[in-house]
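Q: I have a structure open and would like to learn how to read its side-chain contacts. Could you take me through them step by step?

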Amino acid sequence: MSETELFPPPKAFSKRAHIKSRKEYEAIYRQSVKNPSKFWAEKAKQLHWFKKWKRVFRYTKKPFVKWFEGGKINVSYNCLDRHLSTARKNKAALIWEGEPGDSKTYTYQELHLEVCRFANVLKKHRIKKGDRVCIYLPMIPQLAIAMLACTRIGAIHSVVFGGFSANSLRNRIQDSRAKMLITSDGSFRKGKIIPLKKMADEALAECPSVKTVIVCRRTGQKIPMKRKRDRWWDEEIKAEDISDVCKPAEMDAEDPLFILYTSGTTGKPKGILHTTGGYLVYVYQTFKWIFDIQEEDTHWCTADIGWVTGHSYIVYGPLANGATSLMFEGVPNYPKPDRFWEIVEKYKVTLFYTAPTAIRSIKQEGNQWPKRHDLSSLRLLGSVGEPINPEAWLWYHKMIGNRKCPIVDTWWQTETGGVLITPLPGAIPTKPGSATLPFPGIVPDVLDEKGRRAKINEGGYLVIKKPWPAMARTVWGNPKRFKEIYFGKFPGVYLTGDNAKIDKDGYFWVTGRTDDVIKISGHRFGTAEVESALTAHPAVAEAAAVPIPHPIKGQGLYVFVTLDKGIKQTPHLKKALFRQVAKEIWGIPPPWRILRWLHYCSSRGSFKIAVSVDIKDSGENLKIEPLPA
Ligand code: WT7
């Protein structure tokens, strides 16, 4: 199969799609870059504004852009209230499926009520506009409710993925100086209970900024509650003095909306800041065109809301469009490898959005699993988070999409807020492994070391040359770092950190990172984080982590450790080091398990060890060269 085989959009799909042909896309694209103010103003008008903006965008203090300045808007109003006066009032906004199989559906009206009441709980605990609220929850409805409640009153949420460790949580709370933490007694993972509240307590021991902790009941085990500080969500929300009504705050378009921490090349994860108006307009419009949303669709994005994918395409994009969004607590292969397909069949999912790593791991379990289910409701498939190999793409196309669903391979980042490079499903012929063409309004390019445009098919730095509404505004508390990291290499041009090439048809192929960011199972890490986790251990002098290709997870880790002089390697120390990484970065269980010490060699009085990711669950054998003595 040649890499350039084209898969045209299915005719039946194009016929009723928002954008119906490549010609139509090209006309829109041309207009969008020629006159971005006009283009984005038209899109922004679809939303509700308390007050219209004065200027669409201003980019005089590069790289600090402002969008829709002077405009007043509220995110929760646009995601909820706006639909209540329409036929969507009793439409499902959120369908939630829990790991053990419990489920719950919220209509727009019901979700609105929960959000208003919880916003009043926030107010009662003195959360005000601009305050940071940290959310450390499993994938339960309260997570989306808490986010929307923050936006209702103008508090800035900072969602921390429930798989992160107490140390990771502590670092993020300390950096954002959050006033409140929202967590749960525990969370489910593959039938086991993760003690979330216990980890939160551990983190909070060193977080004096947090005055209140709201705890959701999920797993039901007994947990200590600290007097005055800790409150149960269910008791707070049903309290007599909590009203059903909460007026949405009129926010400036450029007021901060949320912080989301993400890994970079060096140091601790940085807090990416997104603001209100531009972000909402962008996720609204990208969701509409890329997923080609129609009124009767059921959209399922399998990501965790702890990552940007969930922020933009489980919560804000779908709800701003009045769509039905499915939220799932579990994992693809528990209790059986057909968990995804069981859910697709149960809810007649029409739009399905997942990561290549999930596709590969399900694929290896065999075709019998998807074959057990009726997947005929599906009409569009999506991929995100890492490059998708053509083999996985073709399997997805045939086995899941029954050759009739277009696949949108969407390229974007935490920093970009929404998808930047993607096919529009009714318009753009796809090539397996290529994210194809820029979304209207986006001007990407591939540059060589000197900043010249790379030749056709020549790899180079993927950059974005013009600002777009959802671009990150800064690194929380560190604008200097923001400028250096993203605009330091080619002044005035946004550096993505990815490597890419453009083929003769103008299609983009994103091949991986140019920096020390790694993607394990689509989850983003810096090798530097793993290294500093290891060197934090008293026995370790130096550590170096490098990515290795992994057939299922995309990438794995290979770590070199030099022990301090006189320290002996022992099985006990080995275990301690594995625990160290888990403790510093992930709670239990981490996305990778560092299980084996492959090799030691003494070098000038110290020891070098290498550890590899566990590859047992991939069922394949990975050959690792012994280290030179
Ligand atoms: C990095 C960003 C985008 C939301 C989830 C990830 C890689 C993402 C693709 C894709 C090739 C991709 C890039 C990017 N990436 N999507 N379709 N094809 N690579 O957000 O955690 O901030 O990671 O993910 O390397 O820089 P993130």
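Predicted model: local features only at pLDDT ≥ 70, side-chain atom pairs only at ≥ 80, totals over all residues.

Q: Is Lys 489 buried, exposed or partly exposed?

A: Lys 489 has a relative accessibility of 33%, so this residue counts as partly exposed. Lys 489 forms a salt bridge with Glu 449, and the closest N and O atoms are 2.7 Å apart. Glu 449 is exposed, with a relative accessible area of 51%.

Q: Where do Lys 489 and Glu 449 lie?

A: Lys 489 is in the loop between helix H16 (479-487) and strand S24 (494-502), while Glu 449 is in the loop between strand S21 (444-447) and strand S22 (460-464), so the pair ties together parts that are 40 residues apart in sequence.

Q: How many salt bridges does the structure hold?

A: There are 39 salt bridges. One of them joins the side chains of Arg 379 and Asp 297, at 2.8 Å from N to O. Arg 379 and Asp 297 are both buried. Another brings together Arg 453 and Asp 445, at 2.9 Å from N to O. Here Arg 453 is exposed, at 59% relative accessible area, whereas Asp 445 is buried, at 2%. Salt bridges also link Glu 97, Arg 339, Glu 342 and Lys 346 in a network.

Q: Now for the rings: what describes a pair of aromatic rings?

A: The general idea is to give the distance of the centres and the angle of the planes. A search of the whole structure finds 44 aromatic pairs. Take Phe 7 and Trp 393: their ring centres are 4.9 Å apart and their planes meet at 55°, so this pair is tilted. Phe 7 lies in the segment before helix H1 (11-16) and Trp 393 in helix H15 (residues 390-400), 386 residues apart. Phe 7 is buried at 16% relative accessible area, and Trp 393 is buried at 1%.

Q: Which residues form an edge-to-face pair?

A: Phe 291 and Tyr 353 do, with 4.7 Å from centre to centre and 70° between the planes. Both Phe 291 and Tyr 353 are buried.

Q: Which charged end sits over the ring of Trp 232?

A: That of Arg 217, 3.9 Å from the ring centre. In a second case, the charged end of Lys 431 sits over the ring of Tyr 507, 4.4 Å from its centre.

Definitions and conventions:
Residues numbered from 1 in each chain as written. Heavy atoms only, no water. Phe/Tyr/Trp six-rings, centres within 6.5 Å; stacked < 30°, edge-to-face > 60°. Helix = DSSP H or I, 4+ residues; strand = E, 2+ residues; numbered from the N terminus. Buried < 20%, exposed > 50% of the residue type's maximum accessible area, 1.4 Å probe, protein only. Lys NZ or Arg CZ within 6 Å of the ring centre and 35° of its normal. Salt bridge = Lys/Arg side-chain N within 4 Å of Asp/Glu carboxyl O.
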